[in-house]
Amino acid sequence: MTGTVKLMGVAGAPGIAVGPIWRFGATEPGLPATTSRQVPGQRPDDAIRAAAAETARQLDALAGRIRDLGREQEAAIFDAQSLMALDPTLVDDAVQRAGEAGDPADAVRAAAGAAAELLASLDDEILSARAADVRDVGARICRVLRGEVLHLPAVPSIAVSDDLPPSVTAEIPPGFLLGIALAGGSKTAHAVILARSLGIPAIVGISGLIAAVDARTSPSAPPVAMAMDGERGEVIVDPGTLEAAEFRQREADLALRRADAAGLRERPTATADGERVLLVANIGTPDDAPRALAVRAEGVGLFRTEFLFMSRQTAPTETEQAEAYCRVLEAFGPERPVVIRLADIGGDKAIPYLQLAPEQNPFLGVRAIRLAYANPDLLLTQLRAIWRAGAAANVVPHVMAPMVATIADVELLMSLRDQARESLVGNGLPAAERMVTGIMVEVPSAAFLAPELARRVDFFSIGTNDLTQYILAADRGNAALAAFQDALHPAVLRAIAGVVAGADAAGIPVAVCGELAGDPAGALILVGLGVDELSADAGSLDGVRAALARVTRPQLDALARSALDASDAETVREMAGALLAPAG
Ligand code: PEP
Ligand code: MG
């Protein structure tokens with residue numbers, strides 16, 4: 001079959017690419033159906049254990065190479081995979097499945113498939129995204145068993161697959177991967193995280209992709225080409241000359257926009273008429289700090305500390321935590337505040353070793369600060385670690401609690417904070433002099449209570465991701481409700497306006513750290529509504545700066561007024577878009 005076909009998927013990482021397709025895993029991702037090459041006389045269990053050990057060694061080497069390139073976050077993915085390769089549950093299951101005379105590779109494939117299915121069935125987006133990692137590890141062990149060599153792209157190409165395992169992505173030499181287009185995957189898939197850190201586009205969930213590509217592929221013909229726009233989630237398989245030219249034009253425009261935005265980094269973030277907006281970054285681990293500093297984040301508005309508690313068997317100790325917080329505080333120094341959010345555990349972030357009771361509605365359950373009523377130790381340890389980190393880095397730490405819903409929650413937060421300091425001082429241990437203490441406003445009751453809460457805390461940070469799901473009663477993890485999850489809905493904006501008014505009356509600053517803050521249209525509306533500070537992923541900061549630099553305060557005031565009166569999110573987005581559209 002020939003001819004151009006246009007397909008749509010879910011935008012994963014922004015950018016434009018045009019180039020030949022590198023089709024990975026044509027039979028089944030990473031698991032070609034050939035028979036095992038077994039060393040004569042070797043028993044299946046010995047073969048499996050030797051291949052697992054060799055795979056772990058290869059993954060350690062891969063992690064080392066990537067770490068040497070300064071890409072610590074990706075290196076950690078392979079550290080974790082190396083542990084998976086040696087995981088006795090996986091290896092023993094494969095050995096058992098192989099029995100006396102079974103095919104070792106089939107047994108490994110089945111064991112990895114079962115482990116991945118188990119992870120994928122969990123109601124946890126992060127853990128289910130790890131299912132791809134287990135499959136990847138299984139595929140690697142199979143390749144080692146079969147003595148197979150991975151055929152990487154020979155020219156710079158766009159990878160097309162059902163799913164692209166991270167270790168395959170990482171082995172492609174720099175410059176040879178132009179983009180990633182997947183039929184499966186999710187926005188949190190590692191392939192997408194890697195694409196973002198490499199600055200290449202990624203699109204996931206493209207239905208019809210594999211059929212369209214394979215139908216146009218033949219062993220005797222040159223590889224089929226493709227054009228993709230990672231921001232719009234648009235893919236053109238086998239583009240004609242005109243389409244390819246249009247995508248190249250988009251590529252050139254994007255390069256110009258990025259260069260412009262990067263130029264703005266050297267100046268403080270402000271509107272065209274000089275009103276300053278504090279632009280800070282969201283981070284998940286200390287390793288994210290350099291990326292945020294590289295794009296001139298003026299601090300950290302949200303350090304999601306629960307990531308320190310994930311992918312491990314026990315909670316991090318007080319000292320481990322203190323070291324992690326201190327690293328970030330020192331990286332940003334005394335002039336750039338770092339807001340450490342107390343662990344937001346529960347909801348979609350389950351931590352297996354804490355053995356929390358299963359709940360029917362985890363997002364409405366014993367999540368975040370609520371855990372501390374029955375079990376204060378987790379937060380006390382974390383607060384002690386933060387007091388210690390502040391003393392060690394010689395800065396005043398900023399802390400905020402997630403999911404605050406009542407005045408009692410604030411009282412609990414303050415009392416734990418003070419108890420934590422007293423216990424350190426009582427034991428003669430160093431603690432910071434004070435702690436700037438705020439709360440996330442992400443539950444409707446907190447928005448209604450804004451005036452009362454504002455009198456009790458030092459700052460507010462609005463979590464628009466949760467606030468939107470709670471105001472519109474639409475589970476943020478349910479893809480079928482995606483249309484309800486637009487934080488630009490006037491109902492959410494009216495709540496934000498109320499929160500800003502409550503904060504203004506008490507004279508405390510208001511930040512927004514939900515995804516809306518990193519969306520250029522959202523940033524304009526938020527600043528129009530009176531928000532003082534925007535906190536977003538490092539990759540979004542340039543776009544927000546560029547958007548703010550194009551508008552004036554009176555324009556933003558008018559935009560916010562109209563947005564509050566609009567009937568739906570699309571209308572609000574169009575209004576903000578009109579301000580951002582190039583003149584002429
Ligand atoms: C939010 O809810 O907007 C937020 C920033 O927190 P999280 O996404 O971690 O729940
Ligand atoms: Mg939240």
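Reader: How do helix α19 and helix α22 pack, at what angle and how far apart are their axes?
Author: In this predicted model, α19 (residues 490-506) and α22 (residues 553-565) pack at about 125°, their axes 8 Å apart. Helices here are DSSP runs of H or I with at least four residues, strands are E runs of at least two, and both are numbered from the N terminus. Axes are lines fitted to C-alpha atoms, for helices over the stretch in contact, with angles from 0 to 180 degrees between N-to-C directions.

Reader: So what do you call α19 and α22 relative to each other?
Author: Oblique, therefore, is the word for α19 and α22. Under 35 degrees counts as roughly parallel, over 145 as roughly antiparallel, 65 to 115 as roughly perpendicular, and the rest as oblique.

Reader: Which residues meet there, α19 to α22?
Author: From α19 you have Pro490, Leu493, Arg494 and Ala497, and they meet Ala563, Leu564 and Asp565 of α22. Contact means heavy atoms within 4.5 Å. The residues of that contact split into five nonpolar, no polar and two charged. Nonpolar covers Ala, Val, Leu, Ile, Met, Phe, Trp, Tyr, Cys and Pro, charged covers Asp, Glu, Lys and Arg, and the others, Gly among them, are polar.

Reader: Switching to the metal: what coordinates the magnesium ion (ligand 2)?
Author: Glu442 (OE) and Asp466 (OD) do, at 2.0 to 2.1 Å. Donors are N, O and S atoms within 2.8 Å of the metal (3.2 Å for Na, K and Ca), and water is not among the atoms, so sites may look incomplete.

Reader: Where do Glu442 and Asp466 lie?
Author: Glu442 is in the loop between β13 (436-441) and α16 (444-448), and Asp466 is in helix α18 (residues 464-471), so the pair ties together parts 24 residues apart in sequence.

Reader: Are Glu442 and Asp466 buried or exposed?
Author: Both Glu442 and Asp466 are buried. That means under 20% relative accessible area; exposed is over 50%, and partly exposed is in between (1.4 Å probe, protein chains only).

Reader: What about Thr55, where is it and what does it touch?
Author: Thr55 sits in helix α1 (residues 44-68) and is buried at 0% relative accessibility. Leaving aside neighbours within four places in sequence, Thr55 contacts Ala85, Val137, Arg140, Ile141 and Val144.

Reader: And what is phi of Asn394?
Author: Near 60°, a positive value in a residue other than glycine. Asn394 is exposed, at 67% relative accessibility.

Technical notes: Residues numbered from 1 in each chain as written. Chains lettered and ligands numbered in written order. Predicted model: local features only at pLDDT ≥ 70, side-chain atom pairs only at ≥ 80, totals over all residues. Heavy atoms only, no water.
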